[in-house]
Every structure is written in structure tokens, then in C-alpha cells.
Amino acid sequence: MLGSRNLAGYTPAVLVFIVLVAAWEILAPVLGIPDIILPVPTHIGAALLDPGVNWPRHIGITAFEIAAGFASAVVFGIALAVGIVISPWLRRLLMPYVLLAQIIPKIAFAPIFFLVLGYNLLPTIVITFLVAFFPMIVDTAAGLSSLDPRMEDLLRSLQASRWDILRKARFPKSMPFIFSGLKVSSTLAVIGASVAEFISAKAGLGFLIINAQVTFNASLAFAAAIYLILLGIVFYAAIDVAQRLAMPWDKGTRIS
Amino acid sequence: MNSVILLRDLAKDYQSVEGITVPALQNITLAVQQGEFAVIVGPSGCGKSTLLRIIAGLDRQTTGEAKVSGKEVSRPISDVGIVFQDPLLMAWRTTIGNVMLPVEILRLDRSRYRSRALDLLKLVGLAGFENRYPQELSGGMQQRVAIARALIHDPSLLLMDEPFGALDEITREQMALVLLHVWEETGKTVLFVTHSIAEAVFLGDRVVVLSPRPGTVRENTAVDLPRPRTGQIRGLQKYTEYCQIIRERLGLIA
């Protein structure tokens with residue numbers, strides 16, 4: 001997140017954006033690009049606010065799917081990482097499955113999830129979870145393993161239990177890793193939810209995009225994509241704020 | 001006087017990757033009395049750190065005896081405070097939070113030890129820095145925090161493994177004075193490991209010279225220099241002579 005003082009530094013980026021959008025608006029008709037291929041920004045803007053589309057419902061559904069899939073990826077990912085790090089036995093048991101689950105092209109299996117789990121929100125949430133969980137496990141496990149062995153010695157010399165070491169040292173030490181995992185995972189969750197909706201959903205922003213494709217409504221597709229982007233930004237920004245609050249000691253290692 | 005540390009015929013072997021037994025320490029016999037400032041000096045790889053780890057209960061000797069405060073050491077004992085070369089502070093804890101870490105691990109009364117932590121920070125010259133994070137402190141200041149942390153639970157023995165080895169010369173001499181001040185105020189028994197001859201003579205009541213691998217106690221030199229020691233000591237003829245004696249025992253003078 002940017003502090004308000006630093007915002008002035010981004011004026012050039014904003015100006016470039018305005019110039020590009022204006023050029024698009026002016027040049028598209030001049031070059032004779034039809035609206036069903038590349039709608040002009042004003043038409044997209046109109047679609048964004050179109051009262052004929054139930055935006056709150058579609059945005060709400062997709063946001064819920066992303067949040068549910070992402071949250072389960074976070075909880076499951078962190079829990080599994082803890083298990084893998086504290087127990088070599090669990091690591092040998094679980095790692096092959098974790099890797100397999102990551103390597104499988106989950107999107108290719110997406111239609112099967114709909115067949116098995118039914119045509120409701122659940123398959124989308126499951127696919128979102130599957131797409132998003134891997135960075136959480138890997139980053140958390142890397143963070144939990146990043147403790148200096150001499151720090152462990154220091155704690156052991158005080159008769160610290162494994163639980164003490166996990167709670168007082170490994171976990172706080174892994175915070176930067178967990179947050180970078182959260183950031184990657186949240187953006188993957190947005191992709192997972194939208195692609196799952198492409199396949200077989202009855203509502204949501206991904207569903208709108210597929211629908212717009214079939215009906216040659218390019219403005220609607222663009223508008224839905226913009227709302228997806230905004231959702232992604234909201235999730236990312238929320239994580240960034242959480243990181244600021246959770247790691248007040250950390251200055252400079254975050255990339256905004 | 002009571003021996004706080006008592007080592008008798010202690011030896012430590014390591015198994016190399018090829019399965020060969022490599023002796024790291026041999027025939028270590030050493031007694032450190034209560035309140036004494038003992039310094040171990042030796043070349044790199046002579047097993048100095050291994051010796052400290054055994055005394056702290058972090059490692060087991062292969063043969064021989066290791067006692068601290070009269071008890072055989074077989075696992076970590078909380079009657080010891082350790083300072084490593086690296087301050088090993090937790091980046092997410094403030095100065096006071098780092099000093100209080102042992103109190104939390106040992107489940108001591110936090111409110112009571114908090115005032116002790118503030119006193120210790122004053123003693124090491126860090127009054128007013130309680131709420132700073134480690135990355136806001138210089139290397140020397142971080143090591144002062146580490147010393148305060150090692151003393152917070154009031155152990156009778158302070159083990160220091162090249163604690164000033166990563167500091168520049170000036171900070172190093174400053175820290176030696178800080179440490180002597182802390183030692184005089186608290187009366188702790190100190191076992192200090194270093195590879196600096198000047199530091200060993202300046203600090204110690206006694207300098208123990210370890211031979212190269214496998215480490216063996218080669219010589220035990222009592223340092224009869226006046227206390228309390230100040231920077232003046234370094235200018236004394238006797239100080240220079242002691243340094244020469246240690247050099248000789250390390251085989252540095254042909």
C-alpha cells in the first residue's frame with residue numbers, strides 16, 4: 001500500500017493511463033475497429049454501470065468464491081506446512097500428494113468437479129482452493145525452516161519445547177514468507193475462480209464473460225473483467241494492510 | 001571456592017561423512033571458580049565452540065565428565081546464559097522484548113522481571129532504547145541487548161562464544177569495557193571464548209590456551225593485572241608481556 005505522501009510520485013503513471021484511454025477512445029473509430037471486437041472506453045464505462053446487469057450479485061458471488069477458496073487454501077496450506085516442517089514422517093507422507101496436486105492440470109479436471117460436486121458454488125470454490133494452496137504450503141514451509149540453527153540452540157539452552165520454538169521463533173520468523181505466499185495465492189485465487197466459472201457456472205463475473213462472448217457483447221466482457229481486476233486489487237491491498245499491521249518491525253522488505 | 005564449571009578428561013569425537021572418527025576435543029580438564037572470568041583462546045577449529053556447547057548441555061561429550069554447579073550436564077540447563085558471536089536477536093521483538101525472551105520461555109513472572117530487564121539495559125548502556133527494533137541498533141548495541149538477554153534469568157554462569165568477533169576494533173574495545181562493568185556489578189562466572197590474544201589478556205583472570213585440532217588444554221595462565229581494568233591496562237608493560245606469553249603458548253613465536 002502506498003502512503004498518501006508517496007501518491008504524488010505516481011502522477012506520471014496516472015497521466016499515462018489517462019492518455020492511453022483517451023487515445024483508445026479517439027483512435028478506435030478512426031481506425032474502424034468495430035465495437036464488438038474492441039469497445040471504446042466510454043461503452044465499457046456504460047456497461048460497468050449498466051442497471052440491466054445485476055452487478056452486485058455477480059460481483060458478490062465471485063468475491064465469495066474467491067474468499068472461500070483462498071481462505072481454505074490459507075488455513076490448509078499453513079496447517080500442512082507446520083506438519084511437514086515439524087515431522088519428517090508427515091513430510092514423506094504428504095509431499096508426494098502436495099506435488100501431485102500442484103502438477104495436475106487442475107483446470108483440465110474442472111468439468112469433473114462440476115459433475116461430482118454439482119452445479120453450485122462448491123466446485124468453483126474447490127478449484128479456486130486447488131489453484132491457490134500451493135504457494136501457501138511452499139512459502140510457509142520455507143519460512144518455518146528459515147530459523148537460524150543457532151537461534152534454535154539459544155532457545156534449546158533455555159529448555160524451550162518444540163512448541164515454544166514454533167510459537168516464539170519459527171512462526172514469527174516466517175511471517176514475511178507467509179505474506180508473500182498470501183499475495184501470490186490471492187492472485188491465483190482470482191484466476192481459479194474466474195476460470196472455474198467459465199466452465200460451468202450460473203452466475204459470477206467469469207460466467208458473465210463467457211455469456212458476453214456468446215452474445216458478442218464485448219463491452220460486458222470488458223466490464224466484468226475490470227470488476228475481476230478490482231476484486232484482485234482489493235484482496236491484494238487487504239493483505240498488504242494486514243502485513244503492515246502484523247509486522248510493524250518490518251521496514252523496507254515489502255514491495256508495494 | 002566452588003567450581004562452577006568442572007571438566008575432567010573430557011573428549012569429543014565426530015563421525016565424518018566417510019564414517020571415520022575425528023577427535024575434536026581431547027583431555028580437557030578445567031575448573032572455573034565462582035565469580036571467575038576465564039578466557040579460552042585458541043586457533044580456529046580447535047573445538048572452542050564445541051566445548052561451550054557441551055558445557056551448555058547442547059552437545060554431549062564422548063567421554064569424560066562435565067559438571068556445572070556440581071551437577072553432571074546431560075541436557076540444557078537454565079542456570080547458564082549464552083552470548084554468541086551473532087547477537088541472534090528476534091527482528092520482530094523490541095529491545096525489551098528480546099531481553100524478556102528467556103523469561104517467557106522459562107515461564108517466570110513477567111512483571112517482576114520487566115524491571116530487572118530495564119535495570120540490565122541500563123547496566124549495558126541501553127537506557128532509552130527499550131522500544132527500538134534490532135535493525136534500528138548498531139552491531140555493538142545489538143550485542144549489548146544479547147548480553148542483557150543472557151543475564152535476565154539470573155544464571156550463575158555466562159558462556160560467551162566470540163561475542164565481539166564480528167565487531168570493529170573500536171566497538172570491540174568499548175564492548176570489553178561494558179562487559180567488565182557488567183561482570184563487576186553482577187559477580188557472574190564467565191567463560192569467554194575468543195581468538196583475540198589482546199582481548200583474552202585484557203578481560204581474563206585466567207587464559208586457557210587450546211591447541212589446534214584436536215583441542216587440548218595446552219596451558220593455563222593466571223593474568224595478574226589490576227582490577228578494575230580500564231583502557232589504561234593496555235598500555236602497561238605487564239599487559240604486553242602477558243600477550244607475548246600467550247603468543248608463545250600458541251606457538252606464534254619461534
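The C-alpha centres of domain 1 of chain B and domain 2 of chain B lie 24 Å apart. The domain assignment, automatic or taken from a database, gives domain 1 as 3-79 + 156-249 and domain 2 as 89-154 in chain B. This is a predicted model, in which local features need pLDDT of at least 70, side-chain atom pairs count only at pLDDT 80 or more, and totals for chains, interfaces and linings use all residues. Residues are numbered from 1 along each chain as its sequence is written, while chains are lettered from A and ligands numbered from 1 in the order in which they are written.

**Domain contact in chain B**

- Contact (C-beta atoms, placed from the backbone, within 7 Å) links 14 residues of domain 1 of chain B with 12 residues of domain 2 of chain B.
- On the domain 1 side, helix α6 (residues 169-186) of chain B gives the most, with 8 residues.
- That side of domain 1 of chain B divides into 9 nonpolar, 4 polar and 1 charged residues. Nonpolar covers Ala, Val, Leu, Ile, Met, Phe, Trp, Tyr, Cys and Pro; charged covers Asp, Glu, Lys and Arg; the others, Gly among them, are polar.

**Chain A**

- Chain A has 12 helices and 0 strands, taken as DSSP runs numbered from the N terminus (helices: H or I, at least four residues; strands: E, at least two).
- The C-alpha trace of chain A spans about 75 × 50 × 30 Å along its principal axes.
- Buried residues (20 or more other C-beta atoms, placed from the backbone, within 10 Å of their own) make up 32% of the 256 in chain A.
- Of the contacts in chain A between residues at least 6 apart in sequence, 75% join residues at least 24 apart.

Conventions: Buried ≥ 20, exposed ≤ 12 C-beta atoms within 10 Å, placed from the backbone. Contact = placed C-beta atoms within 7 Å.
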